[in-house]
Amino acid sequence: MDTRRRILFAAPLAVAAAGGAGFYTILRRMQDEKYDPHALPSPLIGHRPPAFTLPGMNNQQGFSSTDLSAPPRPMLVNWFASWCVPCVEEAPMLGQLAKAGLPIWGIAYQDTPQAVANYLNQYGNPFQRLANDSSGLTAINWGVYGVPETYLIDRQGIVRWRWAGALDQDVVSDNLAPLLDRYS
Amino acid sequence: MKRLLILLALLPGIALAQMVTRDGVTLSASQEQRAEAIGAQLRCLVCQNESIEESSAGLAKQLRIIIRQQVVAGDNSKSIINYMVQRYGIFVLLKPPFSKLTLLLYASPFLALLIGFLAAWNARRNRVVAAAPLTAAEAARLNKLLER
């Protein structure tokens, strides 16, 4: 009887403690940038990108969905814009990945050839191919909701990972590197 | 007869007066109403607590245009909403749909009520019942024990 009462009194405390621990974990992970409550899972993951054909830009070749259907090795598609601040932030990381031999194809989102040329001159051009989505309509079909966004495409042409926001060393080593190992 | 003809001639004008242009798409007032009802259910992904209708973000404007074009093309509201869900996932819906993923969310008020009922029932069952008064024989026996 007595233990029962004790359990009954302890129950609300235990619930509050569990809730507190949960909130603490969430806040802690947000602070460490391991959890972003605004991040959305991409419905494209596990699927091929939707059909599209985009022209090239500044003498670089554009590409279409068929060019992504069976890449010889896993690759990245990076949506960016010259007017985008976090794109500048991730530019060195993209350069590093490209130098390490990872194929990266770029898509300029709602931009002009001149502005993109200036941007790539200033911050480096990591892209093997460069497509122009000036209307931003292909981006909508991909479910892109901001730049930069980076998609990992495996050798079967299937999207395995999407990162919304700037790529940095932590994101690459925690998220991208293990996936590259798995799909190469 | 002449008046009727004049009225008939004016009809297209009246219809045209009811056309509205929003974000560069021209559509009838009732079509605009339907487009607004659709947009109000969809989350703007740039500023996540606003609907596509309220948001001033560039992407929201583009999506408003797409919704209006599809409304003018005669697509039904459900297929327009599906178009958005296909691209952005169920998070684009401001009201989460009832599914396996959201089952716990929708069941939580009922679960809380159930837990409350169980607690109340448990408390009732454990209530201490007041002791009945002693019978004459019991009182006599108690006195005898206390005297000893």
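Reader: Where does A:P148 lie in chain A?

Author: A:P148 sits in the loop between α4 (137–142) and β6 of chain A. Helices (H or I, at least four residues) and strands (E, at least two) are DSSP runs, numbered from the N terminus. Before we go on, this is a predicted model: local features need pLDDT of at least 70, side-chain atom pairs count only at pLDDT 80 or more, and totals for chains, interfaces and linings use all residues. Residues are numbered from 1 along each chain as its sequence is written, while chains are lettered from A and ligands numbered from 1 in the order in which they are written.

Reader: What kind of peptide bond joins A:V147 and A:P148?

Author: Most peptide bonds are trans, and most residues other than glycine have a negative phi. Here the bond between A:V147 and A:P148 is cis, with omega about -5°. For phi, look at A:N58: its value is near 50°, positive although the residue is not glycine. A:N58 belongs to the loop between β1 (53–54) and β2 (63–64) of chain A.

Reader: What is the order of the strands in the open sheet of chain A?

Author: Strands of a sheet pair through backbone hydrogen bonds, either parallel or antiparallel. In chain A, 5 strands form an open sheet in the order β5-β4-β3-β6-β7, with mixed pairing. Two strands count as paired if DSSP finds at least two bridges between them. β5 (129–133) and β7 (159–164) of chain A are at the edges with a single partner strand each, so one side of each has no neighbour in the sheet. From one strand to the next, the twist averages 20°; axes are lines fitted to C-alpha atoms, for helices over the stretch in contact, and angles run from 0 to 180 degrees between N-to-C directions.

Reader: In which sense do β4 and β5(A) pair?

Author: β4 (residues 104–109) of chain A pairs with β5(A) in the parallel sense, over 5 bridges. Within β5(A), A:A131 is the bridge partner of A:I107. Helix α5(A) packs on the sheet, where it touches β6 (149–153) and β7 of chain A, and its direction makes about 170° with that of β7(A). Contact means that the C-beta atoms of two residues, placed from the backbone, lie within 7 Å.

Reader: Where is the kink in α5(A)?

Author: An α-helix has 3.6 residues a turn, so residues three or four places apart point the same way. In α5(A), a kink of about 40° lies at A:L176, shortly before the proline A:P178. The bend at a residue is the angle between axes fitted to the seven residues ending there and the seven starting there.
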